[in-house]
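Subject: Structure handover

Dear colleague,

Here is the structure for your files. Please look it over before reading the notes below.

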Amino acid sequence: DRLQADFMVFDIDSLQGMLFQGEFDSGSEGFRVRAREMIRTGRDTFRVRKGVFSTCRCEPGKRLPWQIRSSRADVEVGGYGTVRNSTFEVLGVPVLWIPWAFFPVKSERETGLLLPEFAFGGRGGPNFGLPFFWAAHPQVNLTLTPRYFTQRGYKQDAELEYVFGERSEGRLFVAGLRDRQEAPGDSYDENRWAVLWDHDHWLPGDLRWHTDLNLVSDNLYSDDF
């Protein structure tokens, strides 16, 4: 962990104090916090004012792919952070206002809800999704995303990611819905689904088995979703 600031005042016994224009970096895969003011209230706890949170690393002068900008936050390094009156930004552009949020400030994976997903336009109309991430196993991730389309109804997505051995890995995506929008010319049934499987398996003797499977219920599924 690395902590730096333009100016700081602290007690040399308790290490409590205040940092101005401070930055905390928990490593290459962890959170990075920049703030106008950071008050260190304990060994691993900070109160942040006018802060920016992200796990992205970019060259100096480059925009971060995403970041959370917060007016006030409480952070426990290796634990959790609570932000208030925040905005979620993509490439420096605010896309979502968050009145309150609770998230892990760790490099390890953590089970919990991810940021909501919004989409507008398309054949299904505006839609909303709320992903849930489950760290099921050190080698397995599972993300469940219920979605609601204003014109098509409820749709469930499930994505399974896994690794095994030194180089083998795979991804399985399954989705399904009961479409309430009438099919043009009876081109599909109301029960629609998709299965996508990408499996890369390294075998002994430098042999390799690669599966790229794409199955859908009808020819219009890829256009609609």
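A strand here is a DSSP run of E of at least two residues, and strands are numbered from the N terminus. By that numbering, N85 lies in strand β6. Please keep in mind that the model is predicted.

Backbone

Most residues other than glycine have a negative phi. Two exceptions are worth noting. N85 is not a glycine, yet its phi is positive, at about 50°. With a relative accessible area of 43%, N85 counts as partly exposed, because the partly exposed class runs between the buried limit of 20% and the exposed limit of 50%.

D206, also not a glycine, has a positive phi of about 60°. Where D206 sits is the loop between β15 (191-203) and β16 (207-216). D206 has a relative accessible area of 66% and is therefore exposed, the cut-off for that class being over 50%.

Largest pocket

The volume of the largest pocket is about 1,100 Å³. Its lining is made up of 31 residues, and those nearest the pocket centre are F103, P104, L113, L114 and L115. Two or more lining residues come from each of β5 (66-76), β6 (80-90), β7 (93-104), β8 (112-113) and β9 (117-119). Which strand gives the largest share of the lining? That is β7, with 9 residues.

By residue class, the lining of the largest pocket has 21 nonpolar, 6 charged and 4 polar residues.

Regards

Key:
Residues are numbered from 1 along each chain as its sequence is written. This is a predicted model: local features need pLDDT of at least 70, side-chain atom pairs count only at pLDDT 80 or more; totals for chains, interfaces and linings use all residues. Side-chain values use heavy atoms; hydrogens and water are left out. On a 1 Å grid over the protein atoms alone, a cavity is a set of points where a 1.4 Å probe fits but cannot get out, and a pocket is an open set with protein on both sides within 12 Å along at least five of seven lines; lining residues have an atom within 4 Å of a point. Grid points are joined across faces, edges and corners, and a volume is the space filled by probe spheres set on the points. Helices (H or I, at least four residues) and strands (E, at least two) are DSSP runs, numbered from the N terminus. Ala, Val, Leu, Ile, Met, Phe, Trp, Tyr, Cys and Pro count as nonpolar, Asp, Glu, Lys and Arg as charged, and the others, Gly among them, as polar. Buried means under 20% relative accessible area, exposed over 50%, partly exposed in between (1.4 Å probe, protein chains only).
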